[in-house]
Every structure is written in C-alpha cells, then in structure tokens.
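Please work through each task before reading its solution.

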Amino acid sequence: MAKALVIYATRTNQTRSIADLIAEGMRLSGVDVTVINVNEYEKKGINAADFDAVVLGGATYHGEMIGSMKTFLFLLEKADLEGKVGGAFGAYGWSGEAPGRIFSTMQNVFRMKMAKGPLMLKSASLGGGVQMAQGYGKEIAGMLS
Ligand SMILES: Cc1cc2nc3c(=O)[nH]c(=O)nc-3n(C[C@H](O)[C@H](O)[C@H](O)COP(=O)(O)O)c2cc1C
C-alpha cells in the first residue's frame with residue numbers, strides 16, 4: 001500500500017480541516033495516510049523520505065505563508081524528496097500567496113513530481129470545498145498508482 005504524509009501549518013484550523021479532507025480522499029483511493037501538524041514532525045521522529053507522497057499545507061498571513069511552514073521548508077530541504085509525488089494547499093482570505101509558494105518550492109527546490117497545481121480554499125466547508133479537497137487527495141492518489 002502506498003504511503004502519504006500530509007503536513008499542515010495553521011493558526012485557526014481551516015488549513016487543518018483541508019488537510020483532513022485531502023487525507024480522506026487519499027484513503028478512499030487506498031492510500032495509507034498520516035496527517036500531522038508541522039510542529040509534530042521532529043517530535044514524532046517522522047522522516048518525509050519514508051513516504052511515497054508528501055502534501056504540504058500552509059495558511060496565508062500578511063501576504064506570506066505562515067511562519068512555521070516557511071521554517072519547515074528549510075528543514076525539509078535536507079530530506080531527499082526528489083521524484084516523490086507532491087501537492088500543496090492552504091486556507092486563505094483574499095490573496096492566498098502560501099499554497100503557490102509552497103508548491104513552487106516543492107517543484108523547484110525539492111524536485112518533486114507535483115499535482116497539476118496547488119489547492120487554495122477560502123473555507124474547507126463552503127462552496128464545494130469538501131469535494132475539492134477530497135478530489136485533490138484522489139488526484140494525488142492517482143499519481144501513486
Ligand atoms: C491578521 C491576519 C492577516 C491575514 N492576511 C491574509 C493575507 O495577506 N492574505 C490572505 O489571503 N488571507 C489573509 N488572512 C486570512 C487567513 O488566511 C484565513 O483566515 C485563513 O482561513 C486562515 O487559515 P488557518 O485557519 O489555517 O490559519 C489573514 C488573516 C488574519 C487574521
């Protein structure tokens with residue numbers, strides 16, 4: 001069974017809800033998924049390189065990705081993720097810079113095999129958010145088979 005790691009950075013849990021829905025979509029497609037807050041990565045001794053897919057989410061604040069995800073990307077640079085499947089997502093209010101920046105870091109720095117684009121949602125629960133987030137999980141799962 002393919003293994004995926006979903007890591008989110010959030011302040012008010014919107015990005016966490018999206019993470020859980022993406023994980024649900026992947027599980028429905030038969031993927032073994034682990035979901036963690038970015039703060040748990042080192043504490044739990046997790047190594048992203050042990051997974052077939054890595055999906056990263058961060059909320060946008062003040063026109064930037066949330067600080068904890070920015071710091072985490074520097075840490076993750078040390079893991080060898082080249083060629084692994086990836087996706088990026090995040091909750092936002094109006095400009096939503098974070099998902100695209102996470103996505104392009106994974107593509108250009110980590111050299112991962114990325115989904116078609118980042119997933120940006122104003123809310124996990126409104127305006128088709130549930131279907132879009134689950135669909136994103138399914139898209140990523142499809143890249144693993
Ligand atoms: C102080 C503050 C600044 C924000 N700045 C932005 C911003 O620059 N661009 C944007 O799209 N959303 C911005 N937002 C909206 C958040 O991204 C939005 O509330 C999002 O759902 C938060 O996700 P989270 O619950 O995962 O932290 C801001 C929110 C707050 C409270």
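**Exercise 1.** Which polar backbone atom lies 2.9 Å from an oxygen atom of the ligand, and to what residue does it belong?

*Solution.* The model is a predicted one, in which local features need pLDDT of at least 70, side-chain atom pairs count only at pLDDT 80 or more, and totals for chains, interfaces and linings use all residues. Residues are numbered from 1 along each chain as its sequence is written, and side-chain values use heavy atoms, with hydrogens and water left out.

Step 1. The atom is a polar backbone atom of Gln-14, 2.9 Å from a ligand oxygen.

Step 2. A polar backbone atom of Gly-96 lies 2.8 Å from an oxygen atom of the ligand.

Step 3. The protein buries 80% of the 650 Å² that the ligand exposes when taken alone (areas from the Shrake-Rupley method with a 1.4 Å probe).

**Exercise 2.** Describe the shell around the ligand by its residues and their classes.

*Solution.* Step 1. The ligand is surrounded by 17 residues (a residue is near if one of its heavy atoms lies within 4 Å of the molecule). Among the closest are Thr-10, Thr-15 and Tyr-61.

Step 1. At least two shell residues come from each of α1 (14–28) and β4 (60–61) (DSSP runs numbered from the N terminus: helices are H or I of at least four residues, strands are E of at least two).

Step 2. Five residues of the shell are nonpolar, eleven are polar and one is charged (Ala, Val, Leu, Ile, Met, Phe, Trp, Tyr, Cys and Pro count as nonpolar; Asp, Glu, Lys and Arg as charged; the others, Gly among them, as polar).

**Exercise 3.** Where do Asn-13 and His-62 lie, and is each of them buried, partly exposed or exposed?

*Solution.* Step 1. Most residues other than glycine have a negative phi. Asn-13 has a positive phi of about 75°, and His-62 has a positive phi of about 50°.

Step 1. Asn-13 is in the loop between β1 (3–9) and α1, whereas His-62 is in the loop between β4 and β5 (64–65).

Step 2. Asn-13, with a relative accessible area of 40%, is partly exposed; His-62, at 80%, is exposed (buried is under 20%, exposed over 50%, partly exposed in between, with a 1.4 Å probe and protein chains only).

**Exercise 4.** With which side chain does the side chain of Glu-24 make a polar contact?

*Solution.* Step 1. Glu-24 belongs to helix α1 and has a relative accessible area of 37%, so it is partly exposed.

Step 1. The partner is the side chain of Gln-134, at 2.6 Å (a polar contact is a pair of N or O atoms within 3.5 Å; within protein, one must be able to donate a hydrogen and the other to accept it, and residues adjacent in sequence count only if both atoms are side-chain atoms).
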